[in-house]
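Please open the structure in a viewer and keep the selection tool at hand.

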Amino acid sequence: MADTKFTTAHLESVGGIQAPQVADIQSEIDKIMLLSEEEFKQEEAKLLRKIDWTLLPALFFLLILNYLDRNALASARVQGIEADLGMEGTNFNTAIIRVLLGLTESPYFPGALFLLSSWYTKKELAFRTAFLYSGSLLSGAFSGFISAGIQHGLDGALGLESWRWLFIIEGAITGVFALATVFILPDYPATTKRLSTREKAMAVYRLEKDVGSKDEDDMTLVQSLKLALKDYRTYMLAIIIITKTTAGAVTQFFPTVVNTFGYNKTMTLLLTAPPYLLTTVLSLVISRMSDRKPERCFHLALPLAVGMVGFIISAVTTKTGPRYFSLFLMLGGLFGSYNVCLAWISSCFPRPRAKRAAAYAIINSLGNVAQIWSPYLYPKGDAPKYTTAFVTNSIMTAISILFCFVLRYCLARNNAQMDREEAADHEAYASASSETKSDAGPLVKKVRYIL
C-alpha cells in the first residue's frame with residue numbers, strides 16, 4: 001500500500017491554443033506540482049480572487065438585467081397591459097413577447113453556468129452559482145421597485161403608458177451592458193489572454209486536480225450530445241428541474257397573486273420585493289453550507305419541503321396575512337436552493353467539458369418546457385384563490401423532492417462501485433513487480449460524486 005501513488009492527468013486539450021503555448025503551460029504545471037501545500041494554497045487563492053473579480057460581477061449584473069426583462073411582463077399585467085392591448089381570457093398567458101424573450105435571453109443562464117464550471121472546483125461552485133443566481137432574485141425585488149417608480153412617475157409621459165416605459169428603459173440598459181461585457185468576460189483557463197502563463201497553468205491544474213482527469217475539447221457536438229443523452233443522470237436532474245420550474249412559475253405571476261390583496265398598483269408592486277430580498281439571503285446561506293459540507297441532496301430537498309408548505313397554505317386560504325407569509329416560504333424554499341441543484345449538475349458531469357455543456361443545455365431546455373403549460377395555471381377566472389395552481393405546485397414540488405433522493409441513492413451506488421474498483425486496483429498494484437508498476441505508471445484516483 002505504501003507504494004501506491006495517485007496522480008491527475010494533464011494538460012487540458014482546448015482549441016485556439018498553439019503547441020508552444022501548451023508546452024509553456026505544461027512546464028509551469030510541472031513546477032506547480034512541486035509546490036508545498038501552503039505555497040499552492042497561497043498562489044491558488046491569489047488566482048481565485050482575480051477570477052472572482054473578473055468573472056462574477058459581469059455575469060451577476062447581466063443576469064439581473066436578463067431577469068428584469070423577464071419580470072417586466074409580470075409587472076406590466078398589474079400596470080394594465082391587458083386592458084391597453086385588448087387582451088382577453090388566456091391571451092396574456094400566451095403573449096408573443098414570451099417567445100421573443102425566450103429566443104434571445106433563455107440561453108444566457110445555462111451558458112453562464114457552464115462558464116462558471118469551467119473555472120471553479122466542485123467545492124467552490126455552489127456558492128459562486130448562488131452569488132450569480134442571487135442576481136435573478138434581486139431582479140425580482142428591483143423589478144417591483146422599478147415598476148412602482150415608473151408607474152408613479154412616468155405613466156402617461158409623452159403619451160406612453162407606464163408598462164411601455166418599463167420595456168423601453170429596461171431593454172435599452174440590457175442591450176448596452178451586454179455589448180460592454182464582450183470585452184470583460186474571460187475565455188477558458190488555458191486561452192484567456194489577460195492571464196499570465198503561470199496563472200493559466202494554475203487555473204488548468206487545480207481543476208484537473210479536483211476531478212482527477214483532463215478536460216478535452218476534441219469532441220464533436222453530436223458526440224457530446226450522445227454522451228449526455230445516454231447518461232441517466234441527465235434525465236433525473238431534468239425531472240427535478242422541470243418540476244421545480246413548473247412550481248417556480250409562480251414568480252411570473254407574483255404581482256398577480258399579490259394583487260389579490262386589494263391594494264393599489266404602486267403598493268402591489270412594492271409588496272413583491274421583500275420575499276425576493278429574503279430569498280437572496282437564504283440562497284447564499286444554503287449554498288455556502290452545501291459547499292462546506294459538501295452535500296447537495298438535503299440542501300435541496302429540505303428547502304423544497306418548506307416551499308411546498310407555502311403552496312399548501314396559499315391553496316387553503318385567501319387571507320392577506322397567511323397568504324403573504326406563504327409567498328416568503330414559496331420563494332425561499334424553491335429559489336433559495338435552486339443554485340444547489342445547478343451545482344449538482346456540474347458535479348454529476350465533471351468531464352469531459354463538452355458533455356457537461358451538453359448536459360446543461362439539455363437539462364435547461366427540458367426544464368423550460370414547463371414554461372409551456374405553467375402560465376395556464378393562473379387564468380383570471382381562478383382569481384383570487386388560484387387553487388389549481390397552488391395544488392399543482394405542491395404536487396410538482398413533492399415529485400422534485402422524491403427524485404432528489406432517488407438521484408442521491410443512484411450516485412451513492414456509483415461511488416460504492418468506484419470504491420470497490422479502486423480497492424481492487426490497490427491490491428493489484430501493491431502485488432505487481434517494480435517493472436510492471438513502471439510500465440503502468442501511477443494509479444489515477446477517481447473523484448467521487450457529491451451526494
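## The whole chain

Of the 451 residues in the chain, 51% are buried. The model is a predicted one. Display it as a cartoon to begin: the chain has 20 helices and two strands. Among contacts with a separation of 6 or more, 82% are between residues 24 or more positions apart.

## First stop: helices α10 and α16

Select residues 232–248, which form helix α10, together with residues 338–348, which form helix α16. The axes of these two helices come within 11 Å and cross at roughly 170°. Angles over 145 degrees count as roughly antiparallel, and α10 and α16 are therefore roughly antiparallel to each other. To see the contact itself, show the side chains on both helices.

Next, select D231 and K355, whose side chains meet in a salt bridge with an N to O distance of 2.9 Å. D231 lies in the loop between α9 and α10, while K355 belongs to helix α17. The two residues are 124 residues apart, and the pair links distant parts of the chain. Are these two partners buried or exposed? D231 is buried, because its relative accessible area is 6%, and K355 is buried as well, with 12%; the cut-off for a buried residue is under 20%.

Salt bridges that share partners join E28, K31, E43 and R198 into one network. Select these four residues together, then focus on E28 and K31, whose side chains meet at 3.6 Å, N to O. Both lie in helix α1, which spans residues 19–32. They are three residues apart, about one turn of the helix. E28 counts as buried because its relative accessibility is 16%, whereas K31, at 44%, counts as partly exposed.

Another salt bridge can be displayed by selecting E161 and R164, where the N to O distance is 2.6 Å. E161 is partly exposed, with a relative accessible area of 25%, and R164 is also partly exposed, with 30%. How many salt bridges does a search of the whole structure find? The total is 15.

## Last stop: a nonpolar patch on the surface

Finally, return to the surface view and select L221, L225, L229, Y235, L366, V369, I372 and W373. These residues form a nonpolar patch with about 720 Å² of accessible area together. Two elements, α9 (221–229) and α18 (370–373), each give two or more residues to the patch. Which of the elements gives the largest share? That share, three residues, comes from α9. L366 is located in helix α17, residues 353–368. With a relative accessible area of 30%, L366 is partly exposed.

Notes:
Residues are numbered from 1 along each chain as its sequence is written. This is a predicted model: local features need pLDDT of at least 70, side-chain atom pairs count only at pLDDT 80 or more; totals for chains, interfaces and linings use all residues. Side-chain values use heavy atoms; hydrogens and water are left out. Patches are made of residues with over 30% relative accessible area and no salt bridge: like charges are joined within 9 Å, nonpolar side chains (Val, Leu, Ile, Met, Phe, Trp, Tyr) within 5 Å. Accessible areas come from the Shrake-Rupley method with a 1.4 Å probe; for residues, only the protein chains shown count as cover. Helices (H or I, at least four residues) and strands (E, at least two) are DSSP runs, numbered from the N terminus. Buried means under 20% relative accessible area, exposed over 50%, partly exposed in between (1.4 Å probe, protein chains only). Axes are lines fitted to C-alpha atoms, for helices over the stretch in contact, and angles run from 0 to 180 degrees between N-to-C directions. Angles under 35 degrees count as roughly parallel, over 145 as roughly antiparallel, 65 to 115 as roughly perpendicular and the rest as oblique. Contact means heavy atoms within 4.5 Å.
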